[in-house]
Amino acid sequence: MLAAYVILDGFDIGAGIIHLFVAKNDAERRAVLASIGPVWDGNEVWLLAAGGTLYFAFPGLYASSFSGFYLALMIVLWLLILRGISIEFRSHITSELWHAFWDVIFAGASVLLAIFYGAALGNVVRGVPIAADGYFFLALWTNLQPGPDAGIIDWYTVLIGVTALIALTIHGALWVALKTGGDLQARCQAVARRFWFLMLPLVLAISVTSFRIQPLLLESFGEHPWGMVFPALSASGFIGMLLFLKRQRECAAFLSSCTFILGLLCSAAMGLYPNLLPSNGDAGRSLTVTSVSTASYGLRIGLFWFIPAFALALMYSVFVYRHFAGKVR
């Protein structure tokens, strides 16, 4: 569900990131908004569903992470609110100043949201200072070094945040290019191509630094070589984006971006397993699948209700995307 959220709401966020500099007039800005208009709020359901599942399946992780990342979560909540109301409020008054104000809010909140999501992933991969009681506290920043005294922001989490910003910019540009035509589509394709070349050194950089900062990744892939299928999946999606862009195959390029993001997230999960939140101090204090899960009875009941709920959400998503398929006007 987290992967579904990042892929689906990721292009919403990406559309917001490129909103101001690919759309040259009000009609084009409305076209960008129309490309995500029928689906953006439904896409965010996957985040809520993932949070609810985390609560019933791994309450220990939910309690620890929500208290340790409290400040960051409040910032993310405000950014989600600002994105939502900027989309909804923009059309309530016919005024250039009003439209411009909400366009800036939409773009700014999208940029910051992408960076914070990337930094959150960086914190999970790097690890946090978990105490003996299973809780932790992180300052917003300390010395900007990813050591035991690191804050939420250090050079590694900033690197992951910038990478997430570039990745979602490409993802959003490919989606808007898929849903629009003419000059707007051409500019989105140009943005995707340029940012692809910015993304290449960043992907190489995070691949090297992640293995150096988090030894668990190397150990996990060493014990389970089959897990290399996930980095291979990500690499194929990354290469496919550029190849299909050159061939003007819009849908294939967007699906390649989805594959790239899915491969990255699965690689991180595979590398950390069975840890859900590793400790960057005492490794024995890491929160694992078994140490923070609820009782087996609760897991069975949760799974019983989860399966039909997941199926309903999936069917709704399929219906909406099929119903609103094609180019926007």
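Which helix holds both Asp 26 and Arg 30, and how many residues apart are they? The legends below refer to a predicted model.

**Close-up 1. Salt bridge between Asp 26 and Arg 30 in helix H2.** Both residues belong to helix H2, where they are 4 residues apart, about one turn of the helix.

**Close-up 2. Salt bridge between Arg 90 and Asp 103.** The closest N and O atoms are 2.6 Å apart. This pair links distant parts of the chain, with Arg 90 in the loop between H6 and H7 and Asp 103 in helix H7, 13 residues apart. Arg 90 is buried at 5% relative accessibility, and Asp 103 is buried at 4%.

**Close-up 3. Salt bridge between Asp 282 and Arg 285.** Here the closest N and O atoms are 3.8 Å apart. Asp 282 is partly exposed at 42%, as is Arg 285 at 36%. Elsewhere, salt bridges with shared partners join Asp 26, Arg 29, Arg 30, Arg 90 and Asp 103 into one network.

**Close-up 4. The largest nonpolar core.** This core has 64 residues, and those with the most contacts inside it include Ile 36, Leu 174, Cys 188 and Phe 260. Among the elements that give two or more residues are helices H1, H2, H9 and H12. Helix H8 supplies the largest share, 14 residues.

**Close-up 5. Surroundings of Cys 188.** Beyond its neighbours within four places in sequence, Cys 188 is in contact with Ile 18, Val 22, Ala 173, Val 176 and Ala 177.

Methods:
Residues are numbered from 1 along each chain as its sequence is written. This is a predicted model: local features need pLDDT of at least 70, side-chain atom pairs count only at pLDDT 80 or more; totals for chains, interfaces and linings use all residues. Side-chain values use heavy atoms; hydrogens and water are left out. A nonpolar core is a set of buried Ala, Val, Leu, Ile, Met, Phe, Trp, Tyr and Cys residues joined through side-chain atoms within 4.5 Å. Buried means under 20% relative accessible area, exposed over 50%, partly exposed in between (1.4 Å probe, protein chains only). Contact means heavy atoms within 4.5 Å. A salt bridge is a side-chain nitrogen of Lys or Arg within 4 Å of a carboxyl oxygen of Asp or Glu.
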